[in-house]
Amino acid sequence: MTRERRCGEGWKTLDEDVKVAATGLGTVPHMPELPEMEAWRRQLDAPVSAFAIAKAGPAHIATLKTFDPPPAALVGRRFRGAERRAKRLLFPTDDGELVLLVHLMTAGRLKYLAPGEKGPAKPVFALEFFCCAKLVLTENAKKKRAGVWLLTPDDAQAELGHLGPEADTLDAAQLAEILRSDSRRLHAFLRDQRLIAGIGRAWANEILHTAKLSPYALSGDLDEEEIERLAAAIHSELERGLALREKGASDEKTYRVHRKLGEPCHVCGTPLAQVDFEEHTIFYCPTCQTGGRVLKDRRMSRLLR
Ligand SMILES: [Zn+2]
C-alpha cells in the first residue's frame, strides 16, 4: 500500500494551508510528514485513550480499506493510545486484539472533537467515544486517497513491513549503509519510505538545504563528511519541525526552503530556486547547495548536478 503518491487535480483549499502565490502552486495541501504526524500523535495520545468507543463509522467506501473485522468490532473497546510509524498513525486497542491504522495521504486531516464541538459535515471516517467526543477524518479532495484499516496486530505488522527505519532514529553509520544500498538522487532517496521512513517532499527540501547538499547528488557519491552532515541535518530538521508543529506553527513559519521560491536563503541571502523533478517541485539554494549551478528540469532536458 501507500507509497507516497503525487498530488492529483481538484484539491481544494484547506484552512491550514498557506498561500504560496510566489510558486504558482496556489494553496495546494501536501502530505504531512514525520514532524507533523508526530505532533498529532502526541496531541491525540491522551484523548483517544480516555474513553471506550461507542460508535465506529460511518466510513467512506474508498477510505475504509478493510472489511473484516468490521468497524463495529471496535465498539466497547478502548484505545491504548496513539502510536506512529512513518507517516501513519496507529491506534491499538488496550486488549491487544485490534489496531486502527490511519494514513492521511495528501489531503486527509484527523480531528479530535470534544463533546459538543461542531465537526465537519462529511467526514470520511468517524469514531464516537463514551461520551461523546469524536475522532473524525476528513478529506477535502475529489479523489479519496486517505485510508483507514482495521487490523489484527499481526496484519498491522505485515502492512508496515516494507517500511525502512524511522528517519529520526538513524545515526551516520546506519545512514551510510542505507545510502550505499542504492545510488539515486538524494531528494528521491530520502523520500523512499522503504529505505528511510517519515520524510516527504517538504522535509527533504529542508534537510538537504541544511546539509548543504544538492537534491540531485547521487546517494552513492557522498563522502563520509557529507554523510555526517546529512545525518545531522535529518535529526536537526525533524526536531525543529516537531517543536514548531507542537506549537501549532503554520507551513509558512515552519518551512525555510519548501515553497519559498525567490525568498532569500536564510543562510546566505541568495534567492531560493525551484526545479521540477519527476512529478513534483524541489526547492533549493543555488549558493548553499549546488555551487551556484541552476538545476535543470529533469522532465525537459538532461539534468545537471
Ligand atoms: Zn543559501
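Trainee: Which two cysteines form a disulfide?
Mentor: A disulfide is a covalent bond between the sulfur atoms of two cysteines. The rule used for counting asks for a pair of cysteine sulfur atoms within 2.5 Å, and by this rule the count comes to 1 disulfide. With their sulfur atoms 2.2 Å apart, the two partners are Cys131 and Cys132.

Trainee: Before we go on, what is left out of the side-chain values?
Mentor: This is a predicted model, in which local features need pLDDT of at least 70 and side-chain atom pairs count only at pLDDT 80 or more, while totals for chains, interfaces and linings use all residues. Residues are numbered from 1 along each chain as its sequence is written, and side-chain values use heavy atoms, leaving out hydrogens and water.

Trainee: Now the metal. Which residues coordinate the zinc ion?
Mentor: Donors are N, O and S atoms within 2.8 Å of the metal (3.2 Å for Na, K and Ca); water is not among the atoms, so sites may look incomplete. In sequence, the donor residues of the zinc ion follow the spacing C-x2-C-x16-C-x2-C. Each provides its SG atom, at 2.3 Å, and the residues are Cys265, Cys268, Cys285 and Cys288.

Trainee: What arrangement do the 4 donor atoms around the zinc ion make?
Mentor: Four donors count as tetrahedral if all angles lie between 85 and 135 degrees; four count as square planar and six as octahedral if opposite donors are over 155 degrees apart and all others between 65 and 115, and anything else is irregular. Around this zinc ion the donor atoms subtend angles of 100 to 114°, so the arrangement is tetrahedral.

Trainee: How many residues apart are Cys265 and Cys288?
Mentor: Helices (H or I, at least four residues) and strands (E, at least two) are DSSP runs, numbered from the N terminus. Cys265 is in the loop between helix H7 (251–254) and strand E9 (273–277), while Cys288 is in helix H8 (residues 286–289). Cys265 and Cys288 are both buried. The pair links distant parts of the chain, and its separation is 23 residues.

Trainee: In E4, which residue is the bridge partner of Arg88?
Mentor: Strand E3 (residues 88–92) and strand E4 (residues 99–103) run antiparallel and are joined by 5 bridges. In E4, Arg88 has as its bridge partner His103.

Trainee: Which residue meets Glu36 in a salt bridge?
Mentor: A salt bridge is a side-chain nitrogen of Lys or Arg within 4 Å of a carboxyl oxygen of Asp or Glu, and the structure holds 19 of them. Glu36 is buried at 9% relative accessible area. Its partner, 209 residues away, is in helix H6 (residues 224–246), whereas Glu36 is in helix H1 (residues 34–48). At 2.8 Å, N to O, that partner is Arg245.

Trainee: What is the phi of Ala86?
Mentor: Most residues other than glycine have a negative phi, and most peptide bonds are trans. Ala86 is found in the loop between E2 and E3, and Ala86 is buried, with a relative accessible area of 0%. Although Ala86 is not a glycine, its phi is positive, at about 55°.

Terms used: Pairing = 2+ DSSP bridges. Buried < 20%, exposed > 50% of the residue type's maximum accessible area, 1.4 Å probe, protein only.
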